Amino acid sequence: MTITAPEATRVSVRGRSLPPLVTGQELILIVMVAALWVLLAISNPGFLSPFSIQSMLWRLAPIGLIAIGMTLIIITSGIDISVAAILMVCAASIAKLTAEGGWPFWLAVLLSLVLGTAMGALNGLFISYGRVPAILITFGTANLFKFVGYRIFDSNVITGIPSERSILGPGPEGQVFGVPIAFLILVAALVFFWYYLRHFPGGRHFYAIGDDESAAALAGVNVRRRIFLVYLVTGLLVGLAAGITIGGGTANLDQTVGKGTELMAIAATVIGGTSILGGRGSVLGCVLGALLVQTVASGVTQLRLPSQLSDLFVGAFIIIAVGADILRRRNRRAEL
Amino acid sequence: MPSNLFEQRAITTQTRLSLTGISKRFGGVQAIRMAEFHLLPGEVHALVGENGAGKSTLIKIISGAETADTGEITIDGEAADIRNAADALNLGVATVYQEAQLFAQLTVAENIFLGRELTKGQRIDWVSQDKLVREALATVGLKDDCMHRKVEELPTGQQQQVSIAKALVGEARVLILDEPSAILTDTEIDNLFAAIRNLTARGVSVIYISHRLDELAKVADVVTIMRDGVTLGTFPVKNLTIAQIAERMVGGRLEQLVSTHSFVTDDIVLAASGLHSGKFHDVDLEIHGGEIVVLYGLVGSGMAEIASAMYGKEPITRGSLHLKGEPYNPTSPTVAKDRGVSMLPANRKLEGMFSFQSIAFNISVGALNLMKKWGAVFDKRKEGLAADELIRKLSIKTPDQTRAISTLSGGNAQKVVLARQLVKRPDVLVLAEPTHGVDIGAKEEIHRIIADLCREGTAVLIATSDLAEALRVADRLIVVRNGTCFAEFGPEATQTQVLAAASGELTEADRLELGEVQ
């Protein structure tokens with residue numbers, strides 16, 4: 001018929017094909033990040049020093065983990081704007097318990113995972129079984145969680161956080177062959193979710209739900225349970241991100257921790273090629289998106305440019321990415 | 001007509017699917033009454049009837065989307081208890097709905113197995129799945145090179161075939177096709193028929209629902225006709241002409257319903273010549289003041305788009321339009337409204353109602369510029385007066401105008417949406433499916449309101465797929481087929497003539513002949 005197959009964009013894997021391993025948008029992101037790194041390396045030779053790279057990879061870990069969760073959610077055509085608040089509660093809990101409760105760091109992180117999962121599950125419960133729009137319910141729970149967080153801070157900066165926690169930190173204790181363990185955790189999560197989304201029924205069902213929820217239900221997908229699960233997993237990932245954040249070695253923690261994380265995560269997701277309307281997207285893209293946002297931020301600092309420029313670039317990336325998505329959809333519709 | 005034409009088919013004990021004494025009531029409406037339906041192995045069994053005759057309800061009962069109040073279903077001689085869609089699937093009854101239930105972003109192979117993936121360990125077993133997908137695609141006549149493409153990349157016809165392939169994976173004994181051809185091109189329809197023959201050769205029984213009666217002779221063995229919730233019987237297709245089937249469907253009850261008064265004036269209000277768009281072509285149309293012109297056609301014929309084009313909702317690519325002698329270029333509804341053209345949209349809930357708002361709001365919202373005081377400020381009092389007047393004039397049944405429109409019955413809500421178009425009497429009123437989903441009483445009143453407007457000189461264009469309505473109100477009835485005006489009838493047209501023209505029994509040659517007669 002009139003439609004020509006876009007052969008070049010498909011990769012055949014053992015006689016079958018899924019969406020390509022690396023999409024066009026992801027390639028563009030890789031090229032952009034690489035170009036920025038070259039630019040920064042030229043303008044500042046110190047940029048490619050082991051220490052600088054280690055610190056960058058370490059800083060990528062928390063936002064990357066949260067962005068993976070956000071991507072899973074947005075693929076199902078949902079959204080979670082409470083991740084920043086979850087991060088704050090988890091981080092504050094770890095800080096308080098290790099600084100004042102004398103808990104060992106690992107135990108506090110474990111609790112953070114439980115807390116994050118519980119908060120994510122609460123979101124999921126309302127959204128899937130309560131059938132409340134995700135943007136509203138997570139807006140509500142965000143404020144709820146923030147209240148809990150402020151109670152933990154008790155209007156004070158938490159001080160005297162011990163530093164034995166550095167296995168998740170950027171320093172030598174938190175490295176394997178010079179690679180930050182936190183970054184390896186991110187890579188492990190990325191590989192797991194990437195594979196899960198492509199090769200597991202549950203993963204494919206996320207796309208189906210985001211595409212057409214009622215059709216998915218008719219096809220026999222347990223839509224509510226899948227949606228519940230996706231928010232729960234995101235909560236878990238945020239709890240992990242909180243562990244890494246505190247693992248960074250700061251002795252003091254104030255109430256601004258995590259602020260703006262939800263927007264960063266959504267930005268990374270959208271820049272990474274995930275459609276905000278659901279049904280399409282990849283976790284690799286979102287981690288690359290996070291890396292790009294972060295590279296831009298450190299680049300602006302390194303080049304001693306006004307820091308607002310970073311916002312300008314990120315804003316432009318988002319608009320371009322969303323525009324590309326809308327155009328793609330519009331073209332597709334016109335063909336049919 | 002000789003009665004032996006309607007000799008019913010003998011029912012053997014070897015039925016694949018049998019429905020006996022099926023009844024279903026929705027609230028106060030008896031949707032079907034004591035329906036009988038017997039399907040033999042390997043046959044294509046057409047199910048026809050007008051909108052509201054009970055076809056969809058019957059299909060929903062078979063496919064598990066609804067449960068019958070009374071009656072029995074047996075499949076291959078065994079009593080079947082179908083309570084939900086999963087039960088039906090397990091019994092080998094697969095349904096392809098008119099709207100393809102596919103996921104645009106996933107591949108064909110994935111779509112076919114979605115929700116029941118084959119797994120090895122926890123992982124999807126792509127290799128085994130692909131093998132079965134190839135077989136299913138071959139059965140419906142699709143080449144397997146499409147299996148790894150995203151569904152959104154396929155033409156509509158192939159998507160329909162994918163839906164059928166999806167229904168076939170997993171040993172379907174009965175396949176229900178709900179108006180599969182409504183959105184297909186001719187070639188695609190031929191492919192579909194080939195696929196159906198392929199299936200019946202393997203012993204699958206097919207229930208085929210269609211409004212295009214001309215298709216029946218090509219694809220179906222037998223036809224069951226429904227009218228007013230009752231199955232009238234099952235007949236071999238080759239014994240009947242389209243006209244005879246159509247007569248049975250409508251039951252002769254329309255013959256007496258002919259438009260009784262006419263207010264047609266001599267001046268041409270709206271004139272179109274050579275109009276083209278993506279959905280129709282070569283449309284010539286003239287509507288006089290006080291005249292009711294009805295466009296009648298099947299779903300997908302283009303009649304809805306022709307009507308929308310007059311109101312600026314469908315972009316016109318070529319041709320010219322004149323409104324009261326002046327050139328008229330409706331690029332948007334705003335332009336149309338300014339020139340005195342109004343439109344009642346087809347989908348009341350989506351395009352017509354502001355559900356949470358009051359009746360008064362719903363009436364005034366289209367004409368707020370007429371309800372100002374001090375030159376700029378919205379005047380609630382004027383809104384109230386206008387709303388009250390129209391509520392009275394259109395006899396909208398409500399205690400007061402502040403009620404939310406969503407509290408009204410379908411017919412009354414429709415009258416409110418219609419009232420919005422009448423705050424200021426339009427020169428041209430376009431109505432799309434004006435009485436769809438309203439009760440008989442409200443239908444009568446809406447027709448009366450339209451007649452009143454004509455008396456005052458408004459030119460009316462109605463697009464409808466309700467034949468009874470078309471015959472009843474039309475001063476002139478234009479049958480739209482394949483995107484253009486196919487035939488034109490005066491008020492004395494009969495249902496069989498019109499139905500034959502719309503559904504394809506009349507050929508190009510008949511059409512010319514018809515033109516000479518008039």
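Predicted model: local features only at pLDDT ≥ 70, side-chain atom pairs only at ≥ 80, totals over all residues.
Student: Hi! How many residues of chain A are in contact with chain B?
Tutor: There are 24 in chain A, and they are in contact with 24 residues of chain B.

Student: Which elements of chain A supply at least two residues of that side?
Tutor: Strand E2 (16–18), helix H7 (201–211) and helix H8 (213–218) of chain A each do. The largest share, 5 residues, comes from H7(A).

Student: And how do the residues on that side divide into nonpolar, polar and charged?
Tutor: The side of chain A that touches chain B has 12 nonpolar, 5 polar and 7 charged residues.

Student: New topic: strand E3 of chain B. How many of its residues are buried?
Tutor: E3(B), residues 44–48, has 5 of its 5 residues buried.

Student: Which way do they point?
Tutor: Val44(B), Ala46(B) and Val48(B) point one way, while His45(B) and Leu47(B) point the other way. In a regular strand, side chains alternate between the two faces of the sheet.

Student: What does E3(B) pair with?
Tutor: E3(B) runs parallel to strand E10 (205–209) of chain B, over 4 bridges, and 4 bridges also join E3(B) to the parallel strand E11 (222–227) of chain B. Val44(B) stands opposite Val206(B) in E10(B), and His45(B) is opposite Val222(B) in E11(B).

Student: What about the open sheet of 4 strands in chain B, what's its order?
Tutor: The order is E14-E13-E16-E17, with antiparallel pairing.

Student: Why is one side of E14 and of E17 left without a neighbour?
Tutor: Because E14(B) (283–288) and E17(B) (326–327) stand at the edges, each with a single partner strand. E17(B) pairs with strand E16 (318–323) of chain B over 2 bridges, and Glu326(B) in E17(B) is the bridge partner of Leu323(B).

Terms used: Residues numbered from 1 in each chain as written. Chains lettered and ligands numbered in written order. Contact = placed C-beta atoms within 7 Å. Nonpolar A, V, L, I, M, F, W, Y, C, P; charged D, E, K, R; others polar. Pairing = 2+ DSSP bridges. Buried ≥ 20, exposed ≤ 12 C-beta atoms within 10 Å, placed from the backbone.
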